[in-house]
Amino acid sequence: MNILISNDDGVFAPGILAAKQAVEDLANITVVAPDKNNSSIGRRITLFKHLKINQCSLEDGSSAYSVTGSPADAVIVGVDYLMEEKPDLVITGVNQGINISCDITSSGTVCAALEAVSLGIPAIAVSLFMDPKTSFKQDENGEWYVDYDFTLTKKVLHDLVLKIKNEGFPDSIDLFNLNVPSNYDSEEVKITKLSPKMLDKKVIDNTNEEKEELFNYSLDENQESDDLIMITSTLVQEYDEDTDGYALIVEKRPSLTPLSVNMTCKDLKDW
């Protein structure tokens with residue numbers, strides 16, 4: 001079995017090494033990922049522009065490739081250029097964050113998996129939902145750091161890939177969207193459907209009460225804060241019981257959502 005692993009957080013993000021470690025006993029692994037963070041970039045593809053490929057080493061010393069492009073670019077380059085044989089499976093992640101609901105179309109992680117499907121390869125998009133109460137910690141000097149606990153994510157991903165290796169992908173399913181909570185009450189995976197929405201979004205300007213906190217970001221050259229707006233978001237907290245959001249946030253258990261790329265709605269007879 002040959003597996004291509006990519007992500008949207010960049011080739012040196014800890015999640016991509018976790019994905020590799022989760023399945024390296026099951027397959028030959030090739031890692032190709034963007035050279036830097038490309039979160040929330042969707043399925044952008046860099047056409048007719050030069051891309052640079054660099055061979056690099058992950059933290060465990062294993063070889064990987066970085067691409068000066070998007071997550072979808074990295075998948076295309078891996079499949080069509082770097083790998084000698086077409087992979088049997090593409091894994092994108094482990095994303096450091098949450099990717100649920102119909103908002104997944106903005107996710108670089110999920111859209112890299114969608115790109116794999118367009119190339120005729122089944123895929124798994126994997127994300128670790130980090131609980132801010134337990135994932136962000138302080139060291140003995142009072143400095144904050146992120147505790148990436150991929151233990152359960154690696155176990156679930158390994159078991160899923162093993163099942164796919166033994167039994168193949170289920171009929172009519174193109175990809176799986178897997179989300180695992182860092183702070184969980186149950187290790188049992190729940191098969192879910194997409195919830196309608198993950199983020200409540202709004203636009204603020206410098207007259208909003210949030211200005212002092214949210215506008216405290218470095219400005220681009222020639223920008224003045226008086227002329228700026230900002231799109232902000234908060235995570236939706238209420239979900240129907242059969243959705244990914246309910247499993248992940250309410251039940252605190254892994255959510256596995258089977259997806260089909262063809263979004264055509266076939267029934268219009270009553271319209």
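The legends below describe close-up views of one predicted model.

The model is predicted: local features need pLDDT of at least 70, side-chain atom pairs count only at pLDDT 80 or more, and totals for chains, interfaces and linings use all residues. Residues are numbered from 1 along each chain as its sequence is written, and side-chain values use heavy atoms, with hydrogens and water left out.

**View 1. The whole chain.** The chain has seven helices and 13 strands; helices (H or I, at least four residues) and strands (E, at least two) are DSSP runs, numbered from the N terminus. Its C-alpha atoms fill a box of roughly 55 × 50 × 50 Å along the principal axes. Of the 271 residues, 46% are buried. Buried means under 20% relative accessible area, exposed means over 50%, and partly exposed lies in between (1.4 Å probe, protein chains only). Among contacts with a separation of 6 or more, 77% are between residues 24 or more positions apart; contact means heavy atoms within 4.5 Å.

**View 2. The open sheet.** Nine strands form this sheet, in the order β3-β4-β2-β1-β5-β6-β9-β13-β10, with mixed pairing. Strands of a sheet pair through backbone hydrogen bonds, either parallel or antiparallel. Two strands count as paired if DSSP finds at least two bridges between them. At the edges stand β3 (53-57) and β10 (190-191), each with a single partner strand, so one side of each has no neighbour in the sheet. Helix α5 (residues 151-167) packs on the sheet and touches β1 (2-6), β5 (89-96), β6, β9 and β13 (255-259). The direction of α5 makes about 165° with that of β6.

View 3. Strand β6 (residues 123-129) runs parallel to strand β9 (residues 175-181), and seven bridges join them. Here Leu128 stands opposite Val180 in β9. Strands β9 and β13 run antiparallel and are joined by five bridges, with Phe176 opposite Pro258 in β13. The pairing of β10 with β13 is parallel, over two bridges, and Lys190 has Ser255 in β13 as its bridge partner. Four of the five residues of β13 are buried, so this strand is largely enclosed by the rest of the structure.

**View 4. Helices α2 and α3.** Two packed helices are described by the angle between their axes and the distance between the axes. For α2 (residues 71-82) and α3 (residues 108-118), the angle is about 35° and the axes are 8 Å apart. Axes are lines fitted to C-alpha atoms, for helices over the stretch in contact, and angles run from 0 to 180 degrees between N-to-C directions. The contact is made by Pro71, Ala72, Val75 and Ile76 of α2 with Gly108, Ala112, Glu115 and Ala116 of α3.

View 5. In α3, 10 of the 11 residues are buried, so the helix is largely enclosed by the rest of the structure. The cover over the buried residues of α3 includes α2, β5, β6 and β9. The buried residues of α2 include Pro71, Asp73 and Val79, and their cover includes β1, β2 (28-34), β3, β4 (63-67), β5 and α3.

View 6. Asn99 is in the loop between β5 and α3 and counts as buried at 8% relative accessibility. Leaving out residues up to four places away in sequence, Asn99 touches Ile104, Ser107, Thr109, Val110, Ser127, Asn177, Asn179 and Met198. Ser63 is in strand β4 and counts as partly exposed at 42% relative accessibility. Apart from neighbours within four places in sequence, Ser63 is in contact with Gln55 and Cys56.

**View 7. Backbone details.** Most residues other than glycine have a negative phi, and most peptide bonds are trans. The peptide bond from Gly93 to Val94 is cis, with omega near 5°, and Val94 lies in strand β5. Ser40, in the loop between β2 and β3, has a positive phi of about 60° and is exposed, with a relative accessible area of 61%. Ser172, in the loop between α5 and β9, has a positive phi of about 70° and is exposed, with a relative accessible area of 63%.
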